[in-house]
Amino acid sequence: MKTPGRILTGKMTELAQSERFSIRSGNLPIWCPGCGYYGIHQGLNDAIQRLRLPHHEVVTVSGIGCAGRYPFFADTYGLHTVHGRSLPVATGVKFGNPKLTVFAVGGDGDGLAIGGGHLPHICRRDVDVSYLLFDNSIYGLTKGQPSPSSPRGFRTKASPAGTTDAPLNATLLALAYGATFVARLFAGDPAGITDALVEGVGHQGFAFFHLLSTCVTFDKEFKTWENLKHAVHPVPDGHDRSDLKKAIAHVLDDDFSTGIIYRKERFPEEED
Ligand code: SF4
Ligand code: MG
């Protein structure tokens with residue numbers, strides 16, 4: 001009979017031979033056990049593998065925060081920049097060498113607070129960058145303060161009486177700013193993240209990925225795994241992702257649908 005140790009060793013050998021982990025750097029992720037970011041990490045890694053992108057032609061650009069650690073964990077070029085500045089740096093990288101595939105990554109604090117002023121401009125310029133916004137509605141790295149996407153009444157150690165500010169909806173912002181590809185996905189569904197990334201990387205223009213995630217260490221009441229598992233559901237069958245007005249109306253009504261919400265098809269006269 002196979003012992004658990006032998007089963008584990010066999011599984012590890014099988015995974016090593018699959019080359020599925022060749023995209024990983026020598027640095028193992030150091031997020032808290034159970035953090036939603038592992039699922040996003042797996043989804044992105046698998047997308048890079050599936051797209052067969054040569055690692056030296058991929059650049060990951062992050063800001064600051066728990067999500068900002070991603071570039072250390074990938075066998076690609078990477079830039080861990082300053083707080084909130086992943087999008088302008090990613091824009092510069094893409095303009096400097098358009099052949100590169102560029103991923104900007106960052107959290108909700110990084111992308112919606114200090115960096116929130118960059119999102120409209122990368123949308124209106126339609127820069128061919130994929131932006132993964134890891135949204136757990138909390139500042140995890142600094143030990144659990146409410147973020148711009150925290151709901152009203154959200155209690156943390158830093159807001160024991162509950163927040164009073166209204167939350168920002170990242171998917172809605174991207175649509176309103178004119179992003180030409182918008183997806184909302186769940187950290188607990190890495191395969192769904194991979195599928196959407198594969199399509200989004202193929203999109204000629206800015207691709208925005210709003211990733212609903214958890215902070216298991218500091219959020220015990222809102223975006224917990226339990227709550228997210230019950231709340232998240234696919235966008236309805238028949239959702240017309242080519243219709244911006246319908247996409248906006250859908251997102252106004254539904255905070256937890258996942259899938260590709262909007263994709264603007266390019267017309268020949270728009271090609272450069
Ligand atoms: Fe994840 Fe929260 Fe830990 Fe940061 S603090 S690694 S977001 S669980
Ligand atoms: Mg966060």
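Predicted model: local features only at pLDDT ≥ 70, side-chain atom pairs only at ≥ 80, totals over all residues.
Residues are numbered from 1 along each chain as written, and chains are lettered from A and ligands numbered from 1 in the order written.

I looked up the packing: α2 (residues 37-50) and α7 (residues 190-202) meet at about 45 degrees, with axes 8 Å apart. Axes are lines fitted to C-alpha atoms over the stretch in contact, and angles run from 0 to 180 degrees between N-to-C directions. Helices are DSSP runs of H or I of at least four residues, strands runs of E of at least two.

I then listed the contact (C-beta atoms, placed from the backbone, within 7 Å). It includes Gly39, Ile40 and Leu44 of α2 and Ile193, Leu197 and Val201 of α7.

I checked burial in α7, counting a residue as buried if 20 or more other C-beta atoms lie within 10 Å of its own. Pro190, Ile193, Thr194, Ala196, Leu197, Gly200 and Val201 are buried. Their cover includes α2 and the strands β3 (101-107), β4 (130-135) and β10 (257-263).

I turned to α1 (residues 4-18), whose 15 residues reach 21 Å between end C-alpha atoms, close to the 21 Å expected (1.5 Å times one less than the number of residues). Just after α1, I found glutamate 19 with a positive phi of about 60 degrees.

How values were computed
Contact = placed C-beta atoms within 7 Å. Buried ≥ 20, exposed ≤ 12 C-beta atoms within 10 Å, placed from the backbone.
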